[in-house]
Amino acid sequence: MASPSGRATMKDVARLAGVGVKTVSRVVNGEPYVSEETRDAVERAIRQLRFQRNASAASLRHGQSRTIGLIVEDIAEPFQGALVQAVEHALAERSVLLFTTTSAHDPERERSMVRELISRRVDGLLVLPVPQDHSFLTPEFESGLPVVFVDRRPGGIVADLVASDNRGGTRAGTEYLVSRGHRRIAYLGDREAIFAGQERLLGYRDALDAAGIVFDPWLVATADPGREVSEAVLRELMELAAPPTALVTGNSLHTIATLRSPTFQALDLAHVAFDEIELQDLFRRPLDVVAQDPERIGLLATEILLDRIQGDDGPPREVRVPTQLRVRS
């Protein structure tokens, strides 16, 4: 007979099997010192009552909840969506539950989500951070909560980071355009206040310097992505006395907005995009991309976090995952 709540408890199993609750606990947790006869009786009672082990309570007794919190900005963004899937897969293989939430690019919401996940006793956090001062996490670090940052370096603290080789990626993409004879190469990317945006712009400048091309600030626009932004930027670029013949877009959202721009569609600009986007087979011309590896980033970040949870107290690590230039045009 189950408890009044309708859900069988260890006491119910013990009563039906004619043993003590501690014996049921030993069987459920796979511990030794239980005879085969007694183990069989307990397992029959478990099946009859459809008893389910309370994993949360068992984990808390061992000092861990076997849950991880993940905060990203926008799960609909292709890179971040792939990152979430990679972390989920890596944790599922280890029977760890993932709580995923978004900051929606809002610093206050990010702080709120951190507090919410900590209140749920997660064993650690993975954070794709909003640009802000993250020293509010210092008390959590000091209390032993592991936090690994993904894609961007946090502000105000030093912590584990796993990110793409952003600078090397845009350098490779820009160098490819230079190798095709382009000297007037425009760049449209994120604000420099964003860690990846700053690094990718530096990679673009590295390629120009290596080729002996003088940097022209009129060919560069850094802003939040949007269709209107791309349209306005492209119009201004094409009104220059010496307009660009090629373009580098600094992330998938800028790329999508640019491809939707009527001005871009009417042009014959050579184009290299940072990051893959979906439905490339439907494009009127193949898209050359600097591809990130969100699956590898998610796996490495997860492994570092789990190592920290298991007691790794070494100095903060910064891991850079290589990008790949994929030329299709």
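Two strands pair if DSSP finds at least two bridges between them. In this predicted model, strand β6 (residues 185–189) and strand β8 are joined by 4 bridges and run parallel.

- Strand β8 spans residues 246–249 and is covered on both faces.
- On one side of β8 lie A246 and V248, on the other L247 and T249, and all of these residues are buried.
- In a regular strand, side chains alternate between the two faces of the sheet.
- A246 of β8 is the bridge partner of I185, within the parallel pairing of β6 with β8.
- β8 also pairs with strand β9 (residues 270–274), again in the parallel sense and over 4 bridges.
- In this second pairing, L247 stands opposite H271 of β9.

**Helix α1**

- Helix α1 covers residues 10–17, and its buried residues are D12, V13, A14 and A17.
- An α-helix has 3.6 residues a turn, so residues three or four places apart point the same way.
- The cover over the buried residues of α1 includes α2 (21–28) and α3 (36–49).

**Salt bridges**

- The structure contains 19 salt bridges.
- One of them joins the side chains of R111 and E108, with an N to O distance of 2.7 Å.
- R111 and E108 both belong to helix α6 (residues 107–119), where they are 3 residues apart, about one turn of the helix.
- R111 is partly exposed, with a relative accessible area of 22%, and E108 is likewise partly exposed, at 39%.
- A salt bridge also connects the side chains of R120 and E116, at 3.1 Å from N to O.
- R120 counts as partly exposed at 49% relative accessibility, and E116 counts as partly exposed at 35%.
- R320 and E199 form a further side-chain salt bridge, at 2.8 Å from N to O.
- Because R320 lies in strand β11 (residues 318–321) and E199 in helix α9 (residues 195–211), this pair ties together parts that are 121 residues apart in sequence.
- R320 is partly exposed, with a relative accessible area of 29%, whereas E199 is buried, at 12%.
- R320 and E199 also belong to a network of salt bridges that links them with R153 and E318.

**Confidence of the prediction**

- The protein has a mean pLDDT of 89, and 93% of its residues reach 70 or more.
- Where pLDDT is low, the predicted coordinates should not be read in detail.

Definitions and conventions
Residues numbered from 1 in each chain as written. Predicted model: local features only at pLDDT ≥ 70, side-chain atom pairs only at ≥ 80, totals over all residues. Heavy atoms only, no water. Buried < 20%, exposed > 50% of the residue type's maximum accessible area, 1.4 Å probe, protein only. Helix = DSSP H or I, 4+ residues; strand = E, 2+ residues; numbered from the N terminus. Contact = heavy atoms within 4.5 Å. Salt bridge = Lys/Arg side-chain N within 4 Å of Asp/Glu carboxyl O. pLDDT = per-residue confidence, 0-100.
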